[in-house]
Amino acid sequence: MSPEDTAPEDKAPTDRTGKDTAHGNPPPLDALTDVAGIRVGHAEVPGKGALSGTTVVLAPEGGAVAAVDVRGGGPGTRETDALDPRNLVQRVDAVVLTGGSAYGLDAASGVAAWLEEQGRGVRVGPDPAQVVPVVPAAALFDLGRGGDWRARPDASTGRAAVEAAAASGYGEPVAEGGVGAGTGAVAGQLKGGIGTASVRLASGVTVAALVAVNAAGSVVDPRTGVLFGEYGAGEPPAHPSPGVHAEALRRLAREREAAEAAGGGAPPFNTTIAVVATDAELVRAQAQKLAGTAHDGLARAVRPVHLLTDGDTVFTLATGRVPVPPQDPAAVNEILAAGADVLARAIVKAVRAARTVTGPGGTFPSYTDLYGGS
């Protein structure tokens with residue numbers, strides 16, 4: 001392993017709220033890259049009429065134990081069967097989240113080509129260059145949101161995203177909002193996007209999530225304007241004033257009427273896709289369980305979820321840097337619960353980081369535009 005592939009030192013432990021148990025401080029980044037060795041890169045589809053992109057999560061050299069849980073009724077995925085604990089592949093080097101629906105899965109081909117050039121993948125021959133990179137991927141539906149139905153990610157977009165990840169340093173911040181796979185994402189009637197969050201448990205284990213929020217369901221309580229994911233977050237959520245909430249509802253009604261008058265608005269083909277990562281030493285079955293419990297965080301923050309027109313998919317990556325006592329179910333339970341917590345919070349951060357987009361594909365107001373800093 002080269003010096004540049006050496007991940008940074010582990011950081012001070014924090015409790016599940018994200019506070020440093022020794023100093024009362026939040027995690028350094030509150031991002032997926034707080035899991036040592038994990039890097040993230042984004043790329044957007046260029047050109048007029050484009051509103052889509054790809055995000056790549058790059059595992060440390062040597063890969064990470066991976067798993068997946070698919071619960072939406074209309075998923076667009078690649079290589080998910082390879083992650084079944086009963087099957088051969090043990091570790092993967094990258095996970096792709098992409099726009100473009102099934103077309104956008106082509107982005108994973110660009111990532112696989114880049115990994116092959118680095119000699120990273122499943123060894124299948126005597127020559128170290130004889131590798132087959134297994135690149136799991138999930139796509140969300142954003143076709144036509146920028147105006148051009150054919151402006152969607154391809155292999156070049158995937159390569160640009162993985163190169164951006166590889167060029168980043170370890171422990172760097174992760175861009176949120178309308179970037180990468182979140183470029184054309186929509187959450188109900190609001191603009192969606194990329195969000196990320198992390199927590200350091202008292203055990204020293206880090207659990208983190210990165211999500212592209214593109215939900216057919218709503219992220220906002222229609223009674224109050226509070227983001228669903230903020231309920232139960234440890235502190236009382238900030239309620240918008242009744243006047244601000246009423247005006248937000250009126251504006252959304254006007255946007256809906258305008259979209260219907262122009263031809264019906266956006267089709268309800270959506271999907272929220274995510275990666276939950278940890279530095280815990282999990283076996284594949286435990287990693288798959290983490291993907292499943294992380295869906296609980298999605299269900300807290302988006303209502304309803306897992307519909308026939310969703311493709312909700314959660315991947316997990318476990319780097320194995322922090323041992324977990326094999327005979328201590330409570331230690332694993334803590335990690336499973338944290339996966340749901342960080343995914344719910346990442347969804348909140350994604351919606352808050354998004355910005356209003358207006359174009360040929362419609363107007364998608366942001367939560368911040370409607371509600372300010374509340």
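Gly146 sits in the loop between S9 and H3, where helices (H or I, at least four residues) and strands (E, at least two) are DSSP runs numbered from the N terminus. Is Gly146 buried or exposed? With a relative accessible area of 13%, Gly146 is buried; the word buried means under 20% relative accessible area, exposed means over 50%, and partly exposed lies in between, using a 1.4 Å probe and protein chains only. This is a predicted model, in which local features need pLDDT of at least 70, side-chain atom pairs count only at pLDDT 80 or more, and totals for chains, interfaces and linings use all residues. Residues are numbered from 1 along each chain as its sequence is written, and side-chain values use heavy atoms, with hydrogens and water left out.

Let us see what surrounds this glycine. Leaving aside neighbours within four places in sequence, Gly146 is in contact (heavy atoms within 4.5 Å) with Gly49, Ala50, Leu51, Pro360 and Gly361. Now look for Thr358, in strand S16 (residues 357-359). Thr358 and Gly146 are 212 residues apart in sequence, yet their C-alpha atoms are 8.7 Å apart in space. Thr358 counts as exposed, at 61% relative accessibility.

Next, find helix H2 (residues 107-117), whose buried residues are Ala107, Ala108, Gly110, Val111, Ala112, Trp114 and Leu115. What covers these buried residues? The cover includes strands S2 (53-58), S4 (76-78), S6 (94-98) and S9 (137-139), together with helices H1 (101-104) and H3 (155-167). Just after H2, Gly119 takes a positive phi of about 70°.

Follow H2 to where it meets H3. Their axes come within 6 Å and cross at roughly 50°; axes are lines fitted to C-alpha atoms, for helices over the stretch in contact, and angles run from 0 to 180 degrees between N-to-C directions. H2 and H3 are therefore oblique to each other, since angles under 35 degrees count as roughly parallel, over 145 as roughly antiparallel, 65 to 115 as roughly perpendicular and the rest as oblique. Their crossing is right-handed: a crossing has this hand if the near helix is turned clockwise from the far one by less than a right angle, and is left-handed if anticlockwise. On the H2 side, the contact is made by Ala107, Ser109, Gly110, Val111, Ala113, Trp114 and Glu117, and on the H3 side by Ala155, Gly158, Arg159, Val162, Glu163 and Ala166. By class, that contact has 7 nonpolar, 3 polar and 3 charged residues. Here Ala, Val, Leu, Ile, Met, Phe, Trp, Tyr, Cys and Pro count as nonpolar, Asp, Glu, Lys and Arg as charged, and the others, Gly among them, as polar.

Among the buried residues of H5 are Arg284, Leu290, His295 and Leu298. The buried residues of H5 pack against strands S3 (64-70), S14 (273-280) and S15 (313-322), and against helix H6 (329-353).

H5 and H6 pack at an angle of about 40°, with their axes 7 Å apart. That makes H5 oblique to H6, and H5 passes H6 in a right-handed crossing. Residues making this contact include Leu290, Thr293 and Gly297 of H5 and Leu336, Gly339 and Leu343 of H6. The residues of the contact divide into 11 nonpolar, 4 polar and 4 charged.

One of the strands covering H5 is S15, and Thr319 is found in it. Thr319 is buried, with a relative accessible area of 11%. Beyond its neighbours within four places in sequence, Thr319 is in contact with residues including Val35, Pro60, Arg91 and Thr278.

Finally, look at the backbone. Most residues other than glycine have a negative phi, and most peptide bonds are trans. Where is Pro304 found? Pro304 is in the loop between H5 and S15, and a cis peptide bond joins Arg303 and Pro304, with omega about -5°. His306 is found in the loop between H5 and S15 and has a positive phi of about 60° although it is not a glycine. At 24% relative accessibility, His306 counts as partly exposed. In helix H1 lies Ser101, with a positive phi near 55°.
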